[in-house]
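Welcome! Have a look at the structure, then try each task before reading on.

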Amino acid sequence: MTTLPGQLNPTPRLLLGPGPSDAHPRVLSVMSTPLLGHLDPQFLEIMTETQTMLREVYQTKNQLTFPVSATGMAGMETCFVNLIEPGDPVVVCSIGYFGTRMIDVAGRTGAKLTVKEKPWGQVFDLNELRDILKETRPKVLGLVHAETSTGALQDISQVGKLCHEFGTLLITDCVTTLGCTPVKLDEWEVDAAFSCSQKGLSCPPGMSPISFSPRAVDALKSRKTKVQSWYLDLTSIQSYWSGDRAYHHTAPITMVYALREGLRLVLEEGLEARYARHLRNHAALRAGLEALGLEYIAAESCRLPQVNAVKIPAGVDDVAGRKHLLNEFGIEIGGGLGDFKGKAWRIGIMGYNSRSICVLSVLAALEHVLRGAGVKVTPGSGVAAAELAYSA
Ligand SMILES: *Cc1c(COP(=O)(O)O)cnc(C)c1O
């Protein structure tokens, strides 16, 4: 090597895309705490504390609740590989990009898979789901709670009960909801849920909190075949997290510190206060985006507060617009995925980033970008509309 790369010193960014979101400063601070061994009694205590807080945030008493040592997608995979054996009937009801991934993950388990899809931006209603369950009688139904690709929130509050009428287990993707909008696993009778650390929990990416209901644990215990993934096999990982603490893999110590702090922040604020904060900042952002002439993709009845997906106005270039935001203002927002590639912008205000400074900054910067691209915008209109919403 002729020249050594310089010391790491990235230009600061405000991460207002669909994830990762900025980590809370307190989370970053605990991450410089010295390592402990993964079997050190102090670390075992930290694990227990983390699990206890995670149950509160998921609003569950589920014993089998812990963070998988990997990102959200590994949580998805954990739920499917542990609950499905080859030949099991499975239904995935997809409303966007992450539903499509669920189809792929479920398909690889050897399940007898039925796929139901809605046009992007829409969600399933309870009657449609009832008809699907009646027709297919699956062992597992997979649903994405918050479809980050479209900004739509799939109501799952009644779906668990419905599934149980048909002897079906409900798997839900709570990657974008946990820590932002209500997730009530016990009340909603969700059987297996997974999330991530880098969106509503304001930690870096790297952990995927999961939770399995007693029904799901029974299904796991009555498997006839081994779980096809060694690393994600809950029958063995759970003995490290809850059982005899036998070594399974070296826990990512620093990420567990981070998640513990992220969860402390959620519970310190209080779940209801946190959900209300996300709604308040969403209302202001929405007022501002609409004042700038930007139109939401998802209908108001199923719109996510924490991921705001809007159509890019005609004549504005997606990549150039986002580059402008990043280079001139240090603000990252997301582009569209799949069907919405080049057609949508996604603005995330999750966890620590659900703050008025983030809302007002992105509106001011977007106005600048839009005007630069030739869109007619009344100067200051986005910020003014958000200010009005805050004072309402
Ligand atoms: C971000 C996201 C994922 C993937 O999580 P990773 O941490 O990137 O693996 C899965 N589902 C949804 C709905 C997401 O928004």
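Keep in mind that this is a predicted model.

**Exercise 1.** Find the residues that Val256 touches, leaving out those up to four places away in sequence.

*Solution.* Start from the contacts: beyond its sequence neighbours, Val256 touches Phe43, Ile46, Thr50, Met207 and Trp241. Then check its accessibility. Buried means under 20% relative accessible area, and Val256 has 0%, so it counts as buried. Finally, compare sequence and space: Gly206 is 50 residues from Val256 in sequence, and their C-alpha atoms are 9.4 Å apart.

**Exercise 2.** Work out how helix 9 and helix 10 are oriented where their axes cross.

*Solution.* First, locate the two helices: helix 9 covers residues 253-269 and helix 10 covers residues 271-291. Their axes come within 5 Å and cross at roughly 90 degrees. Angles of 65 to 115 degrees count as roughly perpendicular, so helix 9 is roughly perpendicular to helix 10. Now list the residues making the contact: helix 9 brings Leu265, Val266 and Glu269, while helix 10 brings Leu271, Ala273, Arg274 and Arg277. Sorted by kind, these are 4 nonpolar and 3 charged residues, with no polar ones.

**Exercise 3.** Decide where the buried residues of helix 5 lie around its axis.

*Solution.* Begin by naming them: in helix 5 (residues 126-136), the buried residues are Leu129, Ile132, Leu133 and Thr136. Looking down the helix axis, they fall within an arc of 95 degrees, so they line one face of helix 5. Then ask what this side packs against: strand 3 (89-94), strand 4 (112-117), strand 5 (140-144) and helix 6 (159-165). Turn to the face pointing away from the buried side, and you will find the exposed residues Asn127 and Glu135.

Last, inspect the two ends. Asp125 caps the N-terminal end of helix 5, with a side-chain oxygen 3.0 Å from the backbone nitrogen of Asn127. Following the helix comes Arg137, which has a positive phi, near 45 degrees.

**Exercise 4.** Is Gln198 buried or exposed?

*Solution.* Locate the residue first: Gln198 sits in the loop between strand 9 (192-194) and strand 10 (208-212). Its relative accessibility is 11%, so Gln198 counts as buried. To see its surroundings, leave out residues up to four places away in sequence; Gln198 then touches Pro20, Ser21, Cys203, Pro204 and Pro205.

Notes
Residues are numbered from 1 along each chain as its sequence is written. This is a predicted model: local features need pLDDT of at least 70, side-chain atom pairs count only at pLDDT 80 or more; totals for chains, interfaces and linings use all residues. Side-chain values use heavy atoms; hydrogens and water are left out. Buried means under 20% relative accessible area, exposed over 50%, partly exposed in between (1.4 Å probe, protein chains only). Helices (H or I, at least four residues) and strands (E, at least two) are DSSP runs, numbered from the N terminus. The arc is that of the directions from the helix axis to the C-beta atoms. Contact means heavy atoms within 4.5 Å. A polar contact is a pair of N or O atoms within 3.5 Å; within protein, one must be able to donate a hydrogen and the other to accept it, and residues adjacent in sequence count only if both atoms are side-chain atoms. Axes are lines fitted to C-alpha atoms, for helices over the stretch in contact, and angles run from 0 to 180 degrees between N-to-C directions. Angles under 35 degrees count as roughly parallel, over 145 as roughly antiparallel, 65 to 115 as roughly perpendicular and the rest as oblique. Ala, Val, Leu, Ile, Met, Phe, Trp, Tyr, Cys and Pro count as nonpolar, Asp, Glu, Lys and Arg as charged, and the others, Gly among them, as polar.
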